[in-house]
Every structure is written in C-alpha cells, then in structure tokens.
Amino acid sequence: MSHCIFCAIIAREAEASIVYEDEHTVAFMDIRPFTPGHLLVVPKRHAAGLSQLDPQDGGRIFAVGQRLAAALRDSGTDAAGMPADGPRADGVNLFLADGAVAGQEVFHVHLHVIPRTTGDGFGLRGRPVTARRPDLDYLAGALRRRLDSV
Ligand code: 5GP
Ligand code: ZN
C-alpha cells in the first residue's frame with residue numbers, strides 16, 4: 001500500500017481530532033467539514049474500497065456511525081443541568097463514496113457522518129420522478145441475477 005493518510009492517523013503518525021476508538025475502528029473530525037461536527041469513521045484494517053472491505057468492518061463502521069449520530073442528535077444536559085456543549089444536529093446524513101467517480105478522494109474506506117440543521121446549505125440535488133415501472137423491474141431483475149456471482 002502506498003502512503004495512506006487515514007492509516008497514518010490511526011497509527012498516530014498524523015494529527016487528527018479523534019472522537020472515538022475501539023479495537024477495529026476510529027472516528028475523527030473531518031478537516032474540510034460539510035457542516036460543523038462532520039466526522040469520518042474508518043476501519044483500522046486498510047481497505048481501499050468497498051470491494052476490499054471486510055463486511056464485518058463494514059458493519060462496525062456503520063454501528064459507530066449510528067452511535068455518533070445519536071450523540072450529535074442528543075439534546076441532553078451536562079452534570080450541572082446545563083445544555084451539553086459541542087455540535088448539535090436535528091438530523092444526520094451517513095455517506096460513503098466508493099470510487100473516484102463517486103467522489104472518493106481518500107482510498108481508505110470511510111463513512112461520513114454529517115450533522116444536519118435547517119438551512120445548513122448541504123444537500124443532494126433534487127430530481128423529478130421519471131423512472132417507469134417496467135424499466136425499474138428490468139434493472140431489478142438484472143441486478144438480482146448479478147448478485148449470484150458476487
Ligand atoms: P471522500 O471524498 O474520499 O469521501 O472524503 C475524504 C474526506 O477526508 C474529505 O471530506 C476530506 O476533508 C477528509 N480528509 C482528507 N484528508 C484529511 C486529513 O488529513 N485529516 C482529516 N481529518 N480529514 C481529511
Ligand atoms: Zn489506509
């Protein structure tokens with residue numbers, strides 16, 4: 001493997017603001033956040049893309065993302081009864097880019113955890129409903145057959 005910035009972060013050879021770590025995963029703040037509080041969850045075992053990712057590691061990064069989403073959405077209070085500090089979200093997007101054409105820039109699988117608030121300016125393009133049911137059935141059938149070989 002050539003130099004991987006996320007492996008370097010995991011090994012503490014590169015700096016990052018780490019939020020969570022366990023035996024298999026690390027979560028840290030994204031250096032170019034879409035919204036305040038944007039996090040990345042990575043498996044410790046290097047995998048460039050989804051095809052190399054151990055499905056168990058996939059499950060683990062999702063579970064950590066789920067927990068971080070809960071922390072972002074938590075409207076709890078601290079021990080003194082004051083509102084807890086830190087980023088807060090009314091909703092969360094989980095996002096994973098696999099492949100350059102999908103927007104992947106760092107080739108060590110990572111799950112984006114993106115806090116959302118009203119009017120934060122982040123979002124996917126809207127699109128009209130254009131798909132016809134027979135076309136969707138055709139695509140579904142083709143993919144069903146392909147699933148048998150992967
Ligand atoms: P991708 O486009 O591959 O899905 O996302 C890569 C993400 O990694 C980007 O959001 C980018 O800001 C973040 N990133 C790239 N290099 C670093 C780094 O050195 N440190 C941190 N904390 N985030 C990084
Ligand atoms: Zn790596």
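Trainee: In what order do the elements of the protein run from the N terminus on?

Mentor: They run α-β-β-β-α-β-β-α, with 3 helices and 5 strands in the protein. Helices (H or I, at least four residues) and strands (E, at least two) are DSSP runs, numbered from the N terminus. The model is predicted: local features need pLDDT of at least 70, side-chain atom pairs count only at pLDDT 80 or more, and totals for chains, interfaces and linings use all residues. Residues are numbered from 1 along each chain as written, chains are lettered from A and ligands numbered from 1 in written order, and side-chain values use heavy atoms, without hydrogens and water.

Trainee: What makes Asp 30 one of the residues that surround ligand 1?

Mentor: A residue counts as near a molecule if one of its heavy atoms lies within 4 Å of it. By that rule 16 residues surround ligand 1, and Asp 30, Gly 103, Glu 105, His 110 and His 112 are the closest. The shell around ligand 1 divides into 9 nonpolar, 4 polar and 3 charged residues.

Trainee: How much of the accessible area of ligand 1 does the protein cover?

Mentor: The protein covers 86% of the 520 Å² that ligand 1 has on its own, by the Shrake-Rupley method with a 1.4 Å probe.

Trainee: Which elements give two or more residues to the shell around ligand 1?

Mentor: Helix H1 (5-10) and strand E2 (25-29) do. The largest share, 3 residues, comes from H1.

Trainee: What does UniProt list for residues 5-123?

Mentor: An unreviewed UniProt entry lists them as "domain: HIT"; such annotations may be inferred rather than shown by experiment. Over residues 5-123 the chain is 21% helix and 21% strand, and the end C-alpha atoms are 27 Å apart.

Conventions
Nonpolar A, V, L, I, M, F, W, Y, C, P; charged D, E, K, R; others polar.
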